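Keep the model open as you read.

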Amino acid sequence: MAIRNIREIGDPVLNKSCKTVTEITDRTRQLIDDMFETMYDAEGVGLAAPQVGILKRIVVVDVTGEDPILLINPVIMETSGEQTGNEGCLSVPGKTGVVTRPNYVKVKAYNENMEPFEIEGTELLARAFCHEIEHLDGHLYVEKVEGELMNTESPDFED
Ligand code: NI
């Protein structure tokens, strides 16, 4: 396992669309391990592969510190409700902004054995799923911020 360098806003890799994962190789497993380690080290609640410079559709999320979730080729199947709150991103250090997201999302994804599964999330988990999946299509939350991007020492949410 290794901590990887987190790419920051302005790095073109963050604005590219990621490729679908078709097979899990040792290299993919290493990437997944490193993504979890990098996310925990940075105290984020999620991380998407392009944030470590890899253009693959892989996301890791853990909103409690005890519930690691791996999403390979994730797709949002269903959303409902609305939540408006502060959001941050490890690729946009020191900033937060207000973003409105669905309050519930259902995601279809594949696990480390390329078996499909569905997972539901509400509140922070729903926000994290939406935020991370957008990274896979080259989008950052700053595109959606309502009002000004704010400086902050300790955002509620970072990934
Ligand atoms: Ni992010």
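The expected span of a helix is 1.5 Å times one less than its number of residues. Helices (H or I, at least four residues) and strands (E, at least two) are DSSP runs, numbered from the N terminus. This is a predicted model, in which local features need pLDDT of at least 70, side-chain atom pairs count only at pLDDT 80 or more, and totals for chains, interfaces and linings use all residues. Residues are numbered from 1 along each chain as its sequence is written, and side-chain values use heavy atoms, without hydrogens and water.

Start with α2. Its 13 residues reach 19 Å from first C-alpha to last, close to the expected 18 Å. Buried means under 20% relative accessible area, exposed over 50%, partly exposed in between (1.4 Å probe, protein chains only). Among the buried ones are F129 and I133.

Now the cores. A nonpolar core is a set of buried Ala, Val, Leu, Ile, Met, Phe, Trp, Tyr and Cys residues joined through side-chain atoms within 4.5 Å. The largest has 17 residues, and V61, I69, L71, V107 and F129 have the most contacts inside it. β2, β3, β6 and α2 each supply at least two of its residues. The largest share, six residues, comes from α2. Apart from this core lies another, of 16 residues, including I24 and L90.

Last, the cysteines. With a disulfide taken as a pair of cysteine sulfur atoms within 2.5 Å, the count is zero. For C18, the nearest cysteine sulfur, that of C89, is 13 Å away. C18 counts as buried at 8% relative accessibility, and C89 counts as buried at 0%.
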